[in-house]
Amino acid sequence: MALPVSPPPRSDDVAHHGWSGITVRIAWTLLSGGVKIRREVLDAARKHVLYHVPPGTPLPHAEDRAAYLTRQFIAQARGRTVEDPWPGDAAMPLTERWARAIEAIRDRLTDSVFRMHYGDQRPLEYVERKLGIDRIAVDAARGGLREVLRRAARADGLPLDSWPNDRLDRVLARLASFAPDHCPPMYDVVNGAHHTHVRTCPRCNRMVRLVNAGALEVADLQPPTLRARPRETARVLALHFHPDGRMHRARVQEALKGATHPVGEDLLLVDATDTDAVAGVLNLAAEVGMPERHHLRGALLEGPGEWTRFGPLGPLAANARLEVKSRSWGRVDGLGALPEVLPAPPPAHQAWMLVSMLAAAAGLALWFAATTASPPIPGPEVEFVRGSSGTWAHFDVEESRTVHLIGLASGAPEPVLLSKNAADKAGLAVGDGSYRALVPGDQALLIAADDTLDLAPLLSAAGQSRAPLATLSAEVRRIQPTADVFLFPR
């Protein structure tokens, strides 16, 4: 005899047992915000909400938070922040007593204004036309609803008498969506059952309307068997650009290879999973003054959340935007102090004087080498960093060596510097003994040679191969083994 199989216990996580109600509130808020409901958008908005709402939150309060958090998600996806003159109100929980006080009003006109104006966000002109009454009566009904809210709040020790009407109307709009947590099964509701309940319950009424309009499918309202609650973690770096440096935000965003998301006029949210890559870009930007170090600061946070094309989901983004305002200019969490702008290269006449001095020094060095043993000369130090317009090459070589620097543009080698003598590289000096140049493309080849090297015929031949720079580097090593050759990427 087969043993009876009992259903699994009901989950205590509101992400599971409140899935359909939270989904309905998110979808309703997306449509109210002018956003077309697509599966990708709905899934991202729902994850954003669930990263904020604790498992034990009562469903009515979870739905209320979902509406505010969905508006936050919409603003972030559009590159904006939520403009809220009373940001603390969203955290004030609604009570069922206030909802019952409104429900106790049996006047048909007041009930219609409450449902259509506050619940469906219809303008008062629509209510006038729909009911066929004048504006004075509609305004009177709206004033009565505000007074009922004031009395209910006063009874709970929360006087709202000094609140302006716009602020009271926001609370009434939240109450118009408030539904207790004891609705019939979702499948029964969407299949036409429980008409009386559907007419009076905002949650089920909206559910039926959204499904009938094709904005939601029944599958959207069914929680997954496993992992209804997202559990990913993310690292978010909020970069705050000073008003004098915000014109460089787009260039910095282009240079960063990971996920980024601009918000407002002066913030850039960055996926900080690869801290070294972010540090390389920000340090280089500060050295070239785009922006200067005192025009940038950053706050790094890690916690529940994940990156999408709509920006980071979860509380990290909002928290980082607040945290970054307490950071000192010129410092970025995880990176420390940004470097100062590098000095300008010396004038050309100074470079020629340097060449003369080097020539004299070279003669002295030859004499000295004949009489004493000299220590080995260290090899060149070369660093490549990809940027938005090409690849930056930063190198430090012996003054007596010639340097050749080649990039790759549209599949063909493009020389940046072909030296005939050691002085030719002076135009790339940055003032601290090293050199810097921007090479076109994502590949770069640097050659430091002791002897004269004619690259013109080699460039022409290498341009016919599938990997021009790799071919050129191999040929240079063959004909001049003493040359130092650096190919990026290897």
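Predicted model: local features only at pLDDT ≥ 70, side-chain atom pairs only at ≥ 80, totals over all residues.

Trainee: Okay, which residue meets Asp220 in a salt bridge?
Mentor: That's Arg39, with 2.9 Å from N to O. The pair links distant parts of the chain: Asp220 sits in the loop between α12 and β1, Arg39 in helix α3, and they are 181 residues apart.

Trainee: And is Asp220 buried or exposed?
Mentor: Asp220 is buried, because its relative accessibility is 8% and the cut-off for buried is under 20%. Arg39 counts as partly exposed at 45%.

Trainee: What about Arg167, which residue does it form a salt bridge with?
Mentor: With Asp89, and the closest N and O atoms are 2.8 Å apart. Arg167 lies in helix α9 and Asp89 in the loop between α4 and α5, so the pair ties together parts that are 78 residues apart in sequence. As for cover, Arg167 is buried at 18% relative accessible area, and Asp89 is buried at 7%.

Trainee: Where are the two partners in the Arg401 and Asp484 pair?
Mentor: Arg401 is in the loop between β10 and β11, while Asp484 is in strand β15, 83 residues apart. Their closest N and O atoms are 2.5 Å apart. Arg401 is buried at 8% relative accessibility, whereas Asp484 counts as partly exposed at 25%.

Trainee: Which residues are linked in a network of salt bridges?
Mentor: Glu125, Glu128, Arg135, Asp139 and Arg142.

Trainee: Switching to the surface: which residues form the negative patch?
Mentor: Glu381, Asp396, Glu398 and Asp432 form it. Glu381 is in strand β9, and at 58% relative accessibility it counts as exposed.

Trainee: Now helix α2. How many of its residues are buried?
Mentor: 12 of its 14, so α2 is mostly covered, with buried meaning under 20% relative accessible area. Among the buried ones are Trp19, Arg25 and Trp28.

Trainee: What span should α2 have at 1.5 Å a residue?
Mentor: It should span 20 Å, and its end C-alpha atoms are 20 Å apart, which agrees.

Notes: Residues numbered from 1 in each chain as written. Heavy atoms only, no water. Patch = residues over 30% accessible without salt bridge, like charges linked within 9 Å, V, L, I, M, F, W, Y side chains within 5 Å. Areas by Shrake-Rupley, 256 points an atom, 1.4 Å probe, with all protein chains shown as cover. Salt bridge = Lys/Arg side-chain N within 4 Å of Asp/Glu carboxyl O. Lys, Arg positive; Asp, Glu negative; His and termini not counted. Charge placed at Lys NZ, Arg CZ, Asp CG, Glu CD. Helix = DSSP H or I, 4+ residues; strand = E, 2+ residues; numbered from the N terminus. Buried < 20%, exposed > 50% of the residue type's maximum accessible area, 1.4 Å probe, protein only. Expected span 1.5 Å × (residues − 1).
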